[in-house]
Every structure is written in structure tokens, then in C-alpha cells.
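I opened this structure to take notes on a few points. My entries follow the order in which I looked things up.

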Amino acid sequence: MSGWSLALLRIYALVTRHAYLMRKSWPRLLELAYWPSMQMILWGFISQFFSIHSSWVAQAPGMLIGAVLLWDILFRGQLGVSLAFFEEMYSRNLGHLFASPLRPPEMIVAMLAISTLRTLIGVGGAALLAIPLYHYSLFKLGLPLLAFFINLIVMGWAIGLMVSALVMRFGLGAEGFAWAAIFAVAPVSGVYYPVSALPSWLQPVAAALPASHVFEGMRAVMIEGIFRMDLLANAVLLNLLYLSAGVAVFLWTFRRARQLGLLLQIGE
Amino acid sequence: MKNSVFPGAAERIPFPPSPASAQPDAAPAIRVAGLRKRFKNVTALEKVSFDIPANSICALLGGNGAGKTTTLSILLGLLLPDSGTVSMLGEDMLRHRYRVLPRMNFTSPYVDLPKRLTVWENLMVYGRLYGLSRPQKRIRELAEEMEFGDLLERPYGMLSAGQRSRTALAKSLLNQPDVLILDEPTASLDPDMGDRIRAILENYRARSGATLLLASHNMPEVERLCDQVIMMQRGRIVAQGSPAALIAAHGRASMEEVFLDVARAPAPASAKKAAG
């Protein structure tokens, strides 16, 4: 087998490890879709209320449901990466993995693949549920949905890699960051309101986040019926930066963990 | 034949070749030179150098904190030394470890496998990680040879300590490694299971010509399995040689007594500041 075939086989091996886990644990599968569905149901009712009492929401009644589903792509994307890494720590398996021919970049690719799988199951389930419940189909966004999905999940991956690096360095005591990190960017991402609603001093912070460009883009599609290429370009460029930073931080921390002898000691 | 006890020795002393590998010019499977490792103010390894010939079984002995696990971790590439070199199967382990890792494997009671996965699933994952084109065939071979076919469909987390050890050992033999590193392979096993695992290791070495390096606190096991022994104390090698030679040099009746002599001896002056 060639070097590339072997690399793909190793990535596949790690993905199957998580697929085995998900396949046999229905609570895990259920949980993947449970939280996005609950969020969607909650925001569906809020949306129904505001579509009557708010002229802004009335322009596009599905806007809040769309926003919550897209937000969950970002959140699940990040959690998917972090949890894939944490699973290896919970099972004290990192020593075996890193003493095998598995290379850290291959592990990253596998974690991203697992994250995509988890996000599709979780958010996909909630998006399908929104159709009968609120007569809202996220899929009606068409091709822009694909652009939104890719940009949001990539930003989630970048944060997930940084959180994993943090936990690799400081142990499972830092696990809480996996749940907290994404909410630090939520208020400035313009998920449910336009970035212009933020105080002026906070707007540059929002502009530095790929997610804010995606949500502005979503509103442009839903309210004005136009797809803003400028916003897409901003999101893509920022994501290139974010993902590069995420990968670099993960790989640097891995090397640091080898210097400090953390790979065999990692635990709670 | 030169088998010596030399507290604080830093120079490399070649081991006598094992009977099965009696090739005087053969390069050692593992060559370690001048390894140093400090963790903050603690010296874990100080000028550690040794050669392990191909097709031999060598034990790394020492009390808790002697530097055994640190040494094994460096050999596996899980830990970077501050200085020194490691040559594994002729490759520079610190620069090109991915050339060698497919030909190595290891097991340790301190590292686990995913507990919710069955034995079969775990071995499939690792079979693929080690690049086996037909992992199913190899797993069945190992299951038959190591008599764990009945465990294949059971979750790893539901196994007894002995069954887990056998599974971990099977994982370490999946890729038929040329170098097998074992950290306490029979720790916490009953005598019957310990004996079975020792037999598996002996058979594997005899059949494959592999080099085995193990850390152990079980001295009868060391006497039975090992051609050579490296004894460590506070991050330094303080004695090395065959078990018989070490026993003779210390005027003792067993490796157990030699171990106690070495472990309880005052630290060499040059190692006073070192601790593992």
C-alpha cells in the first residue's frame, strides 16, 4: 500500500472507532439530535410569536429557526471535534494511538470527519423535524445553505481543535471549555439579530468572526433574496485563518505534550 | 563474556549475543546513547546509554521512579528527551519515528483500550492503524493462538484483568512487530495467566526473531524470559548483564535478591541530585 493509502486507512480506522461507539449506543445517537431539536422547538415558538408581534421577524418568519439551526452547526461542529478527542482521553487510549503509526495531522482529519458525521446527524434531525412542526425547511435556502454549512462547521472545527489542545495541555480539568468556548462568541456572532444591533465598539469584534458574516448572509438570503458574495468571501478568508490557527495550536501542543510527558499521564 | 555491575556507569556495555541471534556484527535493534530528561527540577534520566541486540529479550528493572517508564516512553516516541539519541531498527527514532512505528508495538497496564468497543472492534481499529490489509485474518489467528476467541464479541470494559491483558497483548502483536515494548506485561495477573502470557512472549520471540524490551517487577519472570537485564536507579543505569551474571556478581541466589541489593543501595554520588 502507498503512503497515502495507509494514511487514509489510519484515518478510516479512527473514524470507525467512533462509528462503532455511536452505532451501539442509542442514547448517544439520541443525544446528538436531542439538543438541536429542543433548541429548534423553543425558537420555533418564539418565532411564531414574533412573526405576529415584530415586523422585522415577519419579513421572514423562518429566520429565527434558520438561525438556531445554523448556530447548531457551529456548536456541534466544535463539540464533534472536542468530544472525539476527549473520548480518547476518557478511555486512556492516547498512549496507544500515538505510539501507533497514526500521525497527528491524520488524527485531526479523522476528528473533523467525525465532527461532520455528528453534526449531520444532530442538526439534520432537527432540520427535518422543523418541516412538519413549523412548515419551515432549512433546505429551501438551496446552495447558499452549503456555503453556510461549510463555513460554520469550519469555524467550529477551529475552536474545537483549540479546545482539544487546551485539554491536551492541562488535562480533563479544562474540559468545561468545550462547552463554554462557543458561547463566548455567540453574542457577537449576530445569530438572532443583525451585527448593527451591537454597540459600535463591539462591531469590529463581530467582523473578525466568520460566523457573523454567515448570519448576515443568511438574513440577506431570507429577507432580501440575495446571496452576498462579499460576506461569503469574508467568512472564507477568516476561516482559513482560524483553521490554520487551530491546526497549528493543536500540533504545537502535541509537541509540547511530548516534551512534558503528558501523553501517558493525561486524565482527569 | 563481560557482565558487570557498575554503579553510576554511563558508558555503553555491549550485552553478550543471545543464542538465537549469535551474529557478532549485527547492529543492535535498539541503541540508546546519552539520554537525558528533566522534569522541572527532577532529573528523570541522566546519561542513559545501552544497546539491545536483535532477537533478544531485555528487561528494564528498577524501583518506582527509577526511570523505566520514562525510558520506554522515549523509545516509543511519546516523550522527547532533552538530549541523547535513540536508534531503533537502524532509524533515528527522534527524527524518523514514523518509519519505525509500523514495525513496533507496545502494551502497558497504564494505557487502556476503548471500553465500550468489543475486543474485535478494538483489534480491527488497531489492525487498520498498523496498516494491515486483512486485519480480520490476523485477529482470528491471534484469537486461536491466544485462546480468546470467545471474548471477541465482548466489550473490552467487561473483561477481567487477565482477559484485558491478553487483549492488549493481542493488540501489540497485530502487526507482528520487530520490536515489542512491554510495560509490566503480567502485572496484576494470577500465576496461571501470567505463565500463559510469558509463554506467548517466548513463542513469539522464537518464531519471529523479534526484540522484546520489558519493564517488570516480577523477578522470576525476568529470570525466565530475559537474556539481559538493565537495572536503573534514580534515572541512571547502575547494572547490566545477563540474569545469571548479575546473580553471580552480587553473590545472590536470585534476581529478586539482586533487585533488592540494587534498589536499596545508596544512590551513586553523581546521581544524588537525580530522582525519577
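These entries cover a sheet, a core and a chain contact.

I am working with a predicted model, where local features need pLDDT of at least 70, side-chain atom pairs count only at pLDDT 80 or more, and totals for chains, interfaces and linings use all residues. Residues are numbered from 1 along each chain as its sequence is written, while chains are lettered from A and ligands numbered from 1 in the order in which they are written.

**Sheet.** I looked up an open sheet in chain B: its four strands run in the order β3-β2-β5-β6, with antiparallel pairing. β3 (42–52) and β6 (91–92) of chain B are at the edges with a single partner strand each, so one side of each has no neighbour in the sheet. Strands are DSSP runs (E, at least two residues), as are helices (H or I, at least four), numbered from the N terminus. Two strands pair if DSSP finds at least two bridges between them. I then checked β2 (residues 30–39) of chain B, which pairs with β3(B) over seven bridges, in the antiparallel sense. B:Val32 has B:Phe50 in β3(B) as its bridge partner.

**Core.** Which residues touch the most other members of the largest nonpolar core? I found A:Leu70, A:Leu152 and B:Ile181, out of 159 residues. Such a core joins buried Ala, Val, Leu, Ile, Met, Phe, Trp, Tyr and Cys residues through C-beta atoms within 7 Å; buried means 20 or more other C-beta atoms within 10 Å of the residue's own, with C-beta atoms placed from the backbone.

**Chain contact.** I noted 28 residues from chain B and 27 residues from chain A (contact: C-beta atoms, placed from the backbone, within 7 Å). α3(B) gives the largest share of chain B's side, five residues.

Definitions and conventions:
Buried ≥ 20, exposed ≤ 12 C-beta atoms within 10 Å, placed from the backbone. Contact = placed C-beta atoms within 7 Å.
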